[in-house]
Amino acid sequence: MLTKKVKNRILFLFFIFLLSIFAIFFIIKSLNKNILYFSSPTEIKEREDIPFGKAMRVGGMVKKGSLIINQKNIQFVVTDFENEILISYSGTVPSLFAEEKGVVAEGSLSDKNFFIASRILAKHDENYMPPEIKEIIEKNAK
Amino acid sequence: MLSNIGISLLVLVLILSFLIIYNASLDLKISSQSVKKNIYKLSLFQITFIILSFFTLIIGFINSDFSLINVYENSHTAKPLFYKIAGTWGNHEGSLLLWVNILVIFSYLFLVFNRNHDKKFRLYTLIFQNILILGFLFFLLLNSNPFNSIYPIPLEGLGLNPILQDPALAIHPPLLYVGFVGCSIYFSAAMASLLSDYGGKLFAQSIKTWVKISWCFQTLGIIVGSIWAYYELGWGGFWFWDPVENASLLPWFAITALMHSLIVLEKRNTLYAWAIILCLLTFILSVTGTFLVRSGILNSVHTFASDPSRGIYILSFLSFMIFSALTIFFKKYKKENYNFNLKSKEIFILANNWFMAFFLVTVLIGMLYPIFLDVLINEKISVGPPFFNIVIIPLVIPFMILMAVGPKFGWIKSKNKIFYKALFLILVAGVINLFIFYFFGKYSLLSNLIFIAAIFLILHSLLDFKNFINNKNKLELPRIISHLGFGLLVFFIGINHQFSLEEDFNLKVGEVKKTSAYVIDFEDISIEEGKNYKAIIGNFKLTNLKNNIVQYLNPEIRIYPNPETLTYEAAIKTKINSDLYLTMSNVSRSEYYNIKFQKKPFMIWIWISALMITFGGFVQLTLKKNEN
């Protein structure tokens, strides 16, 4: 039969196994709760199931002449050349943020046409464009 | 000219690598106890030539020799000398040359400083290290050659990315490179140990110094990067869970686990297989991180101009490394017997390893999940900081408690007295936490637990320090410093997180903004000429509403020519109890300036405690062999 030592070891391994299952489950679950989906203005317009108030990212080009700055915030329109969305943001912007340049905004939708951003990402340089935006623009240019 | 010298030197290093591998494999068959003289000589030549090649590139940058493409693309005659030199490793090709340099330097040092170890083990280590050198040298020569020439020779260079024009560029990359590439030597040593049957205690002794060196440099490099991000990127944070930061954390978790396991291997001669796995894993993760960042798969603040062909080469070399490592490991793996008592130091060190493994898996999943989703179902997502915070922070609580108690346990078996002392200290920590909670502000249950655990670790380490003063047991000191540093780090991050103030608004010149704690008066702007940029300097007068103390903060917008680029320089007033942090930006020359104002308590203490963690490691390195 099994000696005490072997029994202990089996118990120990079983315990470790359970713990890792639990850990992985915990990680995946938190992951699903905290991923940020990236959408283009068109996707926001077309998709029925887009959640309001949940953190997500929107990207596209800052429309020419759409930038308005007042005491509280910065407002601009992001376009993917098919649809547009109005974005409002307060805080400093990255140095590469400008009209007619690519931008990714992180925040949440307040309704289908209005997005409140908590962070503006424009980490790309003048030759580089985030792959997400490049894809959208190439698709719509056709 | 320089191009030819540089390439010749690299080719010489390449040939020497082959010669070393050849001679070392010949020497393996000879049964004498000492390594042949000519292998030392070849290695000495190799290290000389590779260092010379690095200096050749530096000379190219100093003289602005635009016949080298690399210099043309990354330098400019108007750049200050300091940044010309530091710019050498501020780009992909130059940093890869630094990478190969460190591989060679560690290879040589390991050969010279391990004379009292088994000959076969040393020769195999040398062979594997030279295979790594060859792999990266081929990559350097074929794909990313810093000495490629250009004709006709351009008159002016394209300039260094302004965001990199910072003193930190001089130290941050070299520190990290020593830390990450230094791991290569015990990757090689682990393979050698398997092949030459040189395991257990002696193996632990041969690599532990190298593990500590690379741990210290890695930790320091990450901290310097974090400080740099804090003052340069203008978000006022110091850790963003940016892919590149995650990539640097992965090997750090592995190496920290390894450093602790080696203690068990050395003292109790067990956990050999696990230590080997960690040795292999640390370097593999270092290379993986490099691959992900350089290939452009992950976007981050480190935008190396990316190139898919780089990714393919590194990926194939990486697969080769992993494949050969696994083959050798499973072929040579021998079953070990583990006998651990629950109340022993071994168990606590194992617990440390489990936590490290958990953190590692979490960060790895968070980092790779978006890539998988993109490839599999073409869904674009990103994983934000909340994920990492939610998964990792709760686990830090038991981690810190074990971290405090663990070292007090003896090897093999211990008494219960330790538990009573710990229980008492937890109660004291709870009271201190209650005090903070009551007088300074309310926070969540989770934060309460974190504060209690952190204070407990701090108190415990302080008591240990008191004991150290009494019994002068030097072995304890490095551990006490590092663990105390970690406790303080978590504590101050917690305080900083709970009690930070942040205000975002837009102001015209001359306007005044009243916030809850300060009146911010945007008095005027002035323009100044820097060495190679023009700076628009904002003059802000801040009046503290509580005590009416007036302070001036001067954030800058810098405009660099060729090509015209903007950077925003935050104005930071550091004090012993808090930092004032103010950045301003401007879009399309609007008359409104965007202002971000933050008050961050105990910022400097976060740096101090993080540096303490590293300092513990350096103290350990200074301990002499007989004390160790």
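## Close-up views of the predicted model

**View 1. A:Phe81 counts as exposed, because its relative accessibility is 53%.** Exposed means over 50% relative accessible area, buried under 20%, and partly exposed in between (1.4 Å probe, protein chains only). The model is predicted: local features need pLDDT of at least 70, side-chain atom pairs count only at pLDDT 80 or more, and totals for chains, interfaces and linings use all residues. Residues are numbered from 1 along each chain as its sequence is written, chains are lettered from A and ligands numbered from 1 in the order in which they are written, and side-chain values use heavy atoms, with hydrogens and water left out. A:Phe81 sits in the loop between strand S4 (74–79) and strand S5 (84–89) of chain A. Helices (H or I, at least four residues) and strands (E, at least two) are DSSP runs, numbered from the N terminus. A:Phe81 is not a glycine, yet its phi is positive, about 70°. Most residues other than glycine have a negative phi.

**View 2. B:Trp241 also has a positive phi, near 55°, and is not a glycine.** The loop between H8 and helix H9 (243–268) of chain B holds B:Trp241. B:Trp241 is buried, with a relative accessible area of 15%.

**View 3. The peptide bond between B:Tyr151 and B:Pro152 is cis.** Its omega is about -5°. B:Pro152 belongs to the loop between helix H6 (119–142) and H7 of chain B.

**View 4. The largest nonpolar core has 184 residues.** Such a core joins buried Ala, Val, Leu, Ile, Met, Phe, Trp, Tyr and Cys residues through side-chain atoms within 4.5 Å. B:Tyr186 and B:Phe203 touch the most other members. Helix H7 (residues 168–196) of chain B gives the most to this core, 16 residues. Beyond its neighbours within four places in sequence, B:Phe203 is in contact (heavy atoms within 4.5 Å) with residues including B:Phe121, B:Ala189, B:Leu265 and B:Ile276. A second, separate core of 23 residues includes A:Leu67, A:Ile85, A:Val93 and B:Tyr592.

**View 5. Four strands of chain B form an open sheet in the order S2-S11-S10-S9.** The pairing is antiparallel; strands pair if DSSP finds at least two bridges between them. Strand S2 (501–508) and strand S9 (571–574) are the edges, each pairing on one side only. The average twist from one strand to the next is 15°. S10 (residues 578–585) and S11 (residues 592–601) of chain B share eight bridges. B:Leu582 faces B:Phe597 in S11(B). Helix H8 (residues 200–232) of chain B packs on the sheet and touches S9, S10 and S11 of chain B. The direction of H8 makes about 55° with that of S10(B). Axes are lines fitted to C-alpha atoms, for helices over the stretch in contact; angles run from 0 to 180 degrees between N-to-C directions.

**View 6. Strand S2 (residues 55–62) of chain A is largely enclosed by the rest of the structure, because seven of its eight residues are buried.** Strand S1 (residues 35–39) of chain A pairs with S2(A) in the parallel sense, over two bridges. A:Phe38 has A:Arg57 as its bridge partner in S2(A).
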